[in-house]
Amino acid sequence: DGVAVIGINGALVHRSKVDADSNFLLGYNDMAADVEDAMANPDVHALLSVYESPGGEAQGAFEFGARIHGLRGKKPMYA
């Protein structure tokens, strides 16, 4: 009903990749792109990010935060 739900699962890394054990590691770059896409979508009036993650790399986290911070006030965001 106009709420974009972004599921964030697993360890977070600077850039998305598949590791040696064939595990997909979600990158901050893809997370930010998903949020930016949802914010640009006129059918979306709010954003919910659902985190199920033990954490991950620090590299990229601050860039992700800055990109998300730049979108504040456009639409409600919840996590």
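1. Let's start with contacts, where a contact means heavy atoms within 4.5 Å. Among the contacts in the chain between residues at least 6 apart in sequence, 70% join residues at least 24 apart. Before going on, please note that this is a predicted model, in which local features need pLDDT of at least 70 and side-chain atom pairs count only at pLDDT 80 or more, while totals for chains, interfaces and linings use all residues. Residues are numbered from 1 along each chain as its sequence is written, and side-chain values use heavy atoms, with hydrogens and water left out.

2. Next, the overall plan. The chain has two helices and six strands, and along the sequence they follow the pattern β-β-β-β-α-β-α-β. The radius of gyration is 13 Å, close to the 12 Å that the globule rule gives for 79 residues, so the chain is as compact as a globular protein of that length. Here helices (H or I, at least four residues) and strands (E, at least two) are DSSP runs, numbered from the N terminus. The radius of gyration is taken over C-alpha atoms, and the globule rule is 2.2 Å times the number of residues to the power 0.38. Along the principal axes, the C-alpha atoms fill a box of roughly 40 × 25 × 20 Å.

3. How much of the chain is buried? Buried residues make up 32% of the 79 residues. The word buried means under 20% relative accessible area, exposed means over 50%, and partly exposed is in between (1.4 Å probe, protein chains only). The chain exposes about 5,000 Å², and carbon and sulfur atoms supply 53% of that area. These areas come from the Shrake-Rupley method with a 1.4 Å probe; for residues, only the protein chains shown count as cover.

4. A word on charge. The chain has 6 positive and 11 negative charges, and their mean positions are 10 Å apart. Lys and Arg count as positive and Asp and Glu as negative, while His and the chain ends are not counted. Each charge is placed at NZ of Lys, CZ of Arg, CG of Asp or CD of Glu.

5. Now look at Y28, which lies in helix α1. Is Y28 buried or exposed? Y28 counts as buried because its relative accessibility is 8%. Leaving aside neighbours within four places in sequence, Y28 is in contact with L12, V13, H14, E57, Q59, G60, A61 and F64.

6. Q59 sits in the loop between β5 (46–52) and α2 (61–69). Its relative accessibility is 55%, so Q59 counts as exposed. Not counting residues up to four places away in sequence, Q59 touches V13, H14 and Y28.

7. Stay with helix α1 (residues 28–40), which also holds N29. The N29 side chain reaches the backbone nitrogen of S16 at 3.3 Å. Beyond four places in sequence, N29 touches H14, R15, S16 and R67.

8. E36 lies in helix α1 too. Which residues does E36 contact, leaving aside its neighbours within four places in sequence? They are R67 and L71. The side chains of E36 and R67 are joined by a polar contact of 2.7 Å, and their C-alpha atoms are 8.5 Å apart although the two residues are 31 apart in sequence. E36 is partly exposed, with a relative accessible area of 28%.

9. L26 is found in strand β4 (residues 24–27) and, at 12% relative accessibility, counts as buried. L26 touches I8, N9, A11, L12, V13, S16 and M31, not counting residues up to four places away in sequence. The C-alpha atoms of L26 and L12 are 5.2 Å apart, and the two are 14 residues apart along the chain. S49, in strand β5, is buried with a relative accessible area of 7%. Its contacts, again leaving out residues up to four places away in sequence, are I6, I8, Y78 and A79.

Terms used. Polar contact = N/O pair within 3.5 Å; in protein donor to acceptor, adjacent residues only side chain to side chain.
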